[in-house]
Amino acid sequence: YPAPIRGLFMRWRRWLGYFVIAVYFAMPWIDIGGMPSILIQIPERRFALFGHIFWPQDAFYLVFLLIGMAMTLFFFTAVAGRVWCGWLCPQTVFMEEIFRKIEEWVEGDHHARRRIDQSPLTLATAGRKIVKHALFLGFSALVSNTFIAYFTGRETLLYWMTQPPWEHWTAFLFMASILALFYFDFAWFREQF
């Protein structure tokens, strides 16, 4: 039951977290050069990154990009480890800026949440828990569908969302698996991750 922390750095961290979340949700919807800004089409063996298409024979570019990203992550973690873990890590960003906010909105501050969890289950507390977990599931579905959009493109995703699941079982099961993992992580597992 973490207590909220206030201050200048927490405001900066909160706004950076909202920015990171907005970038995650916006990238599949932003067109650059007539295609989504990031599109990883594994069956077609095509990777679109900011208006440029990369093919399997361009894999050495990807190797340099991934090595550069890894080295940057290692460098910043070694120099200022809490910058990544506390400010930019998706686990922390989603936990603090979405799921804790949902908890506070539905169940109250850390004292109220503790009282709710330690008291006997009543109709009111059960209702709050159901609303909280329904919102957790809804947001997890939004995250998992956005993740699918990075691999299929938004048009395909929107088409699949309007069709019955049995017409595209593989994508549906992949999305449901991501949803289940995301929900499990943020509803129960949390800091143990």
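This is a predicted model: local features need pLDDT of at least 70, side-chain atom pairs count only at pLDDT 80 or more; totals for chains, interfaces and linings use all residues.
Residues are numbered from 1 along each chain as its sequence is written, and side-chain values use heavy atoms, with hydrogens and water left out.

Let me begin with the fold: the protein chain has seven helices and five strands, and along the sequence these run α-β-β-β-β-β-α-α-α-α-α-α, where helices (H or I, at least four residues) and strands (E, at least two) are DSSP runs numbered from the N terminus. Taken along the principal axes, the box that holds the C-alpha atoms is roughly 60 × 50 × 25 Å.

Turning to burial, 34% of the 193 residues in the protein chain are buried, with buried meaning under 20% relative accessible area, exposed over 50% and partly exposed in between, for a 1.4 Å probe and protein chains only. Of the contacts (heavy atoms within 4.5 Å) between residues at least 6 apart in sequence, 64% join residues at least 24 apart.

The accessible surface comes to about 12,500 Å², and carbon and sulfur atoms account for 73% of that surface, by the Shrake-Rupley method with a 1.4 Å probe, where for residues only the protein chains shown count as cover.

Finally, I would point you to helix α2, residues 59–88, where Met-71 is found; Met-71 counts as exposed because its relative accessibility is 51%.
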